[in-house]
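Please consult the sequence and the structure shown here alongside the text.

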Amino acid sequence: MLHHRVCNLCEAMCGLEIEHDGNKVLSVKGDTKDPFSRGFICPKGARIAELHEDPNRLKKPLRKREDGSWETIGWQQAIDYASERLNAVRKTHGLDAVGFYFGNPTVHNYGIMSYTGDLRRALKSKNVFSATSMDQLPHQFMAHQMFGHTLHLAVPDIDRTDYMIIMGANPSVSNGSLMSTGGVKPKLAAIRARNGRVLVIDPRRTETTKQADEHHFILPGTDVYFLLALLHEVFANGWVKPGHLAGLLKNEAELRELAKPFTPEAAAAKCGVPATEIRRIAREYATTDRAVIYGRMGLSTQAHGTLCNWLILVINLLTGHLDQEGGAMFTTPAVDLVRRKKFKQTYGRWHSRVRGLPESEGELPVAALAEEILTPGEGQVRAMITHAGNPVLSSPNGKQLEEAFAKLDFMVCIDVFLNETTSHADLILPPAAFLEVDHYDFVFNHLATSNNAKFSQALFKPEAGQWYDWQIAKALIEQLAPFSGYKLSRMFRWSTPARLLNLGLLTGPYGKWSSIKRLFSGLSLRKLKNTPHGIHLGPLQRRLPEILMTPDRKISLVPDFAVGEVQQLADGLTADVPAPDEHEFLLVGRRHLRSNNSWMHNAPGLAKGKDRCTVQVSEVDAARLTITPGQEVTVISRTGTIRIPAEVTDEMMPGVISIPHGFGHHRKGTRLEVAEASPGVSVNDITDEKLLDPITGNAAFSGQRVRISTE
Ligand code: SF4
């Protein structure tokens, strides 16, 4: 028998064709009839059955006994226990004493996504955290600043562009991020086949470079100078041509002034890309009709994360490469989460108690979580709810967070694994998951490189009595809401994820209820259920000014924060950079195709093979420090030290090292063992929670100074 569904393990939304016998998966292939992914899948999707069948996957609520061992309890008993303990903390210490953290898989899960808003309102705590602030927060912040909504994220129109500059991103491995698109490699090859060009600017010669025409090393954390020099060239050469957006722009003259000091020569001295190359790239990019700059993790998780994202937007915009075919474009998703017609302030409405970091979209930066638990005083976090996250391995200074979690009065984790974070819980609530749930991508259809809709039905039934995560969320909300005075609506009581999805489809831009014309042919859940390969809704279209939600319906090219920040960079242009000592390096991260952030290292088929948790060192530096391949070295930072084998490679820029994130499993109390898995070490034992993008508070993993010792 064949089952078709979308893979929700990452952002790419690939179609899967699963052969099964009603109980067991026999094979997993790419669905060639899926109009979006057209048969592409990666090794993770091909091994989805290993996650589903993982013998260590939890299926019943686990409560920790006083001696630290676990006992299985019933579902209603577990919900009552969680609510009683959480409400007791709230009664004694106030609403902010309960924190909430949700990890990256939350946004890939339409069940829980349907209720995270209600859960936040029922908790009414200022201490909400998520993986956003160690990832894409600067993108969302700039989308809000320039276009009025955090989800107005412009996506590279990769299928139609002729010139693509990729900065701080490795889409051949990530399969696109904030650019949902299966099969990046063939898409980059297609750009070149139509005589286009692909450029990679990165401190590491990444896997994506193999599909590019050229690669340039850039010093970590200095992308802002490269981008300012591109902007300088755009103004200096009269390449400003924003097309249909011209009437919407304001502050162009101010922006021109800000860019003036950043000549290619001045930028080259800071970033390491030669001035002649900056000039040539600027000319080629600005004079190609269909061109786009795409920046991702390496650019957002650095000290200039917001500035970089702002500059990419304004350069794409001024050169006529925003909201234009082949440039950066906005989607028209079938379920449009941008419901509000009015601009809403979603930044800086409150600040973290200890360090005063700003709130964004109702969340505080995750870099503040440990100190909010460890620092005594009014408003201290004393209990936590987590969903599908492992911040001990994924957030900066994870060791400190581990110490903090151990001190909580109570912790409940909605998760299917006993990992480095959930092992600190008093209670684990493991929902039905993977092939047992139906699915629709609420978020990633907003970020797709074409417009599509696909609904996946559950393949297998969950174990008898097992709850779905949305049922867990609803049950908790019902018991937490009365304490905070959050009134549950009739809609809440009537709703299920499928009902909410159907409503979103019916009233969405292609829905049956969107116009008389579509009454008989428009989208509904029933229609999607009858179309298991998914429905293609057309290429990306121009969306501005229609979707613009800024208060004055204009796009400001110079947001308030930019003037001071850029002035500071200009003032420092002539300052000498002190030479690092011979053991000092700049640290960057790395991602692997066969794992996903801090998980999937326990799937045997994905974990096998050579050790991937290595520190990559350039051949030049290895020769200088007499580091040999495979030699264990110590990497030292303000927050800690790790021992890790060296991988000597010509892929690294001299002076820069790379360590992948998400490793460091097999700590005491976890249950993730498989024979082949390499536990590795956690790079976040040495990353620093004090290093942030100052505008948003996003973690600045990239470009941190560390030392290497060979002793
Ligand atoms: S690229 Fe992402 S969505 Fe596609 S198969 Fe791999 S994990 Fe699944």
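Glu361 is partly exposed, with a relative accessible area of 27%; buried denotes under 20% relative accessible area, exposed over 50%, and partly exposed the range in between (1.4 Å probe, protein chains only). The model is predicted, so local features need pLDDT of at least 70 and side-chain atom pairs count only at pLDDT 80 or more, whereas totals for chains, interfaces and linings use all residues. Residues are numbered from 1 along each chain as its sequence is written, and side-chain values use heavy atoms, with hydrogens and water left out.

**Backbone features**

The phi angle of Glu361 is near 50 degrees, a positive value in a residue other than glycine. Glu361 belongs to the loop between strand S16 (358–360) and helix H15 (369–374). Helices (H or I, at least four residues) and strands (E, at least two) are DSSP runs, numbered from the N terminus.

Phe434, also not a glycine, has a positive phi of about 55 degrees. Phe434 is located in the loop between strand S19 (427–429) and strand S20 (450–453), and its relative accessibility of 12% makes it buried.

A cis peptide bond joins Leu544 to Pro545, with omega near 5 degrees. Pro545 sits in the loop between strand S21 (535–539) and strand S22 (555–556).

**Salt bridges**

The structure contains 41 salt bridges, each defined as a side-chain nitrogen of Lys or Arg within 4 Å of a carboxyl oxygen of Asp or Glu. Three of these pairs are tabulated below.

| Arg296 | Asp135 | 2.3 Å |

Arg296 forms a salt bridge with Asp135. Arg296 lies in the loop between strand S13 (291–295) and helix H13 (297–300), and Asp135 in the loop between strand S7 (128–130) and helix H6 (137–147), so this pair ties together parts that are 161 residues apart in sequence. Both Arg296 and Asp135 are buried.

Arg160 and Asp157 are likewise buried.

Asp213 is partly exposed at 29% relative accessibility, and Arg192 is partly exposed with a relative accessible area of 33%.

A network of salt bridges links Arg197, Glu214, Glu277, Arg280 and Glu284.
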